[in-house]
Structure formats: C-alpha cells, structure tokens
Amino acid sequence: MSTIQINRLHVLNGHRDSVYAIQSGRNASEVYSAGGDGMIVQWNLKQPETGELIAKLPNSIYALHYIHKQGKLIAAQNFEGIHLIDIGQRKELVSLKLPRSYIFDMATHNQQIFVACGNGMVLVIDSTTWQILKRLDFSKSSARTIAMCEEKGEFAVGYSDNFIRIFDLDTGTMKQEWLAHDNSVFTLRYNQNSQYLLSGSRDAKLKVWNADGRYALEQEIVAHMYTINHIAFSPDGKHFVTCSTDKSIKVWDSQEYKLLKVIDKARHAGHGTSVNKLAWTTFNNQLVSASDDKTLSVWDIIF
C-alpha cells in the first residue's frame with residue numbers, strides 16, 4: 001500500500017435519513033446532497049459546519065444533477081418524477097411526473113435530460129419544454145447508472161439484469177449490449193480520455209472495458225467485499241475512488257488500476273455503514289462521501 005495521507009476534515013450533519021446523492025455545484029467549494037429524508041442541502045466546503053436547506057420533497061431522492069449552463073439543480077423524487085430547483089430563490093420552477101418508479105441516476109447532454117428508472121426505462125426529456133422525447137425500453141430490470149461519452153457520441157447504461165448497453169447519444173439507438181457482471185451494474189464511469197469504461201457491480205467486482213468500439217474486457221478486480229455503489233475520478237484523472245456497502249472507500253491508480261489506500265472506520269474514523277456516493281471536488285482536491293449513517297464526510301487526500 002502507498003504512503004498516501006488521508007485526513008478526515010469534516011463530518012457534515014443535518015440529514016435525517018440515509019444520504020444517497022452528492023452533486024458539485026456552481027463553484028468548486030459548493031456541494032449538494034439529498035437522501036431518504038427528501039431534503040436537498042447545500043454545503044460550502046469553505047465553511048462546512050452548517051448546510052442550507054434548498055428544498056424538501058415528500059419522497060426519497062436517489063439522484064441530483066446540476067445544470068451548469070442554467071445554474072439550476074434537478075432532483076429526482078422516487079415514484080413522483082423530476083423537479084427543477086432554482087437554487088438562489090430556493091424554489092421549484094417546474095416538475096414532470098414520471099411513471100411510478102425509483103429514479104436511480106440522471107445525466108444531461110445539450111438540451112436533453114437522461115433519466116435511469118427502476119422500471120428498466122431510460123427516459124430522454126427536453127430540458128426546455130420538459131416533454132418526454134424518447135423512451136429507451138430495452139430491459140425489464142432497473143436502469144441503475146448512466147455514463148456520458150460525448151467524445152464518442154454515445155452513452156452507457158448499467159442495468160440490474162447485469163448488462164451494460166451502449167446507446168447513440170443523438171438518436172437513442174442501442175449500439176451494443178453485453179452481459180457484464182454476475183449481478184446488478186450499479187455504477188459506470190468513463191476515464192478522462194474516454195479510452196476506458198469502468199463498471200462496478202453488486203458482485204463486488206470492478207471491471208475495465210476498452211471503449212474503442214468493441215468494449216473488450218481489459219481487467220477484472222475483486223475490489224470490495226460487497227456491492228460497489230459508486231466510482232468517481234479525481235479532477236486530474238490520475239486516480240479514482242470506489243465506495244461500497246462494505247463501509248469502505250478505496251483509492252486507486254488510474255493507469256495500473258492498483259489499490260493505493262483503504263479508507264474505513266478502523267483506519268481513518270470513516271463511515272460505519274454503507275458508503276453510497278462520492279464527489280471528488282476541485283476545491284483543494286477534497287473528496288466528499290455520503291453514507292447510510294446520515295452524514296457526509298470531507299476527506300483530504302495527499303499524494
């Protein structure tokens with residue numbers, strides 16, 4: 001294991017239930033969180049002691065997405081739909097009721113919002129009219145995660161039928177699909193130059209796929225004891241982190257996929273329950289993690 005230094009800088013309290021979503025905001029020090037309590041909270045990493053409540057929705061929230069061009073936040077309320085939040089005015093501008101389902105992930109491209117739903121559909125929504133443009137219905141199992149690859153004009157979706165499917169970004173046509181894991185695919189991320197697609201699964205394995213068009217398997221790593229919930233890259237792309245229901249965060253080298261550090265309760269006073277989501281910010285390279293323990297932790301990682 002390397003000599004990387006890990007320091008827990010802050011513990012962010014205020015949520016009343018598990019925290020499932022983290023999203024970076026308007027500037028480097030701004031982070032938003034949401035979870036089972038339906039609360040959307042804004043945090044300033046310069047003064048992290050107190051969060052500000054932006055909105056409160058009746059149902060749990062698994063996904064947040066910040067639209068930089070608009071300076072607004074989309075929140076996905078399970079079984080209800082998506083909501084556009086004006087952060088400055090602390091109010092909802094528009095909402096769209098969707099088929100009753102969990103909403104696990106969201107992404108945007110140009111004027112479109114992509115929504116991964118528990119009924120297996122990926123919905124493509126016009127962000128100006130808030131009308132559903134496409135329903136990508138290729139599985140009856142949950143669509144869990146979306147990864148955009150604008151350079152290649154495509155996006156990847158991971159499903160609970162253990163498949164990864166690749167779609168054309170403009171037309172929504174499915175280009176490729178393959179049985180990727182032994183259990184649900186919970187998280188997908190392209191690396192910095194979009195050469196590789198990383199996947200994490202309920203089977204606790206991390207897999208690296210060559211995104212040259214064939215998506216051949218490059219590496220397979222038993223990375224955690226239990227489900228890998230999320231993958232996040234460092235701002236410079238040289239490292240990435242994974243988090244798991246095994247309560248740990250792991251730091252990896254992006255070139256050799258070598259494990260560099262384990263962050264957990266025993267070694268670093270980490271989370272005592274499942275770690276659900278990560279955001280590696282450009283603010284002093286600080287990492288933010290969200291957990292079932294109702295808190296967020298802010299980490300300083302020194303290489």
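In this predicted model, the largest nonpolar core has 17 residues, and those touching the most other members are Ile-74, Ile-82, Leu-98, Val-115 and Ile-125. At least two residues of this core come from each of strands S6 (61-67), S7 (72-77), S8 (81-86), S10 (103-109), S11 (112-117) and S12 (121-126). A second, separate core holds 15 residues, including Val-251, Ile-263, Val-275 and Leu-287.

**A closer look at Ile-74**
- Leaving aside residues up to four places away in sequence, Ile-74 touches several residues, among them Ala-63, Leu-64, Ile-67, Ile-82, Leu-84, Met-106, Ile-113 and Trp-130.
- The contacts of Ile-74 also include His-65, His-83 and Thr-108.

**Salt bridges around Glu-80**
- The count of salt bridges comes to 13.
- One of them joins the side chains of Lys-97 and Glu-80, at 2.8 Å from N to O.
- Lys-97 sits in strand S9 (residues 91-97) and Glu-80 in the loop between S7 and S8, so this pair ties together parts 17 residues apart in sequence.
- Lys-97 is exposed, at 55% relative accessibility, while Glu-80 is partly exposed, at 27%.
- Glu-80 also meets Arg-100 in a salt bridge, at 3.7 Å from N to O.
- Because Arg-100 belongs to the loop between S9 and S10, its pairing with Glu-80 ties together parts 20 residues apart in sequence.
- Arg-100 is exposed, with a relative accessible area of 60%.

- Lys-205 forms a salt bridge with Glu-220, their closest N and O atoms lying 3.2 Å apart.
- This pair links strand S20 (residues 205-210) with strand S21 (residues 216-222).
- Lys-205 is buried, at 18% relative accessible area, whereas Glu-220 is partly exposed, at 41%.
- Through shared partners, salt bridges join Asp-182, Lys-205, Lys-207 and Glu-220 into one network.

Technical notes:
Residues numbered from 1 in each chain as written. Predicted model: local features only at pLDDT ≥ 70, side-chain atom pairs only at ≥ 80, totals over all residues. Heavy atoms only, no water. Core = buried A, V, L, I, M, F, W, Y, C linked by side-chain atoms within 4.5 Å. Buried < 20%, exposed > 50% of the residue type's maximum accessible area, 1.4 Å probe, protein only. Helix = DSSP H or I, 4+ residues; strand = E, 2+ residues; numbered from the N terminus. Contact = heavy atoms within 4.5 Å. Salt bridge = Lys/Arg side-chain N within 4 Å of Asp/Glu carboxyl O.
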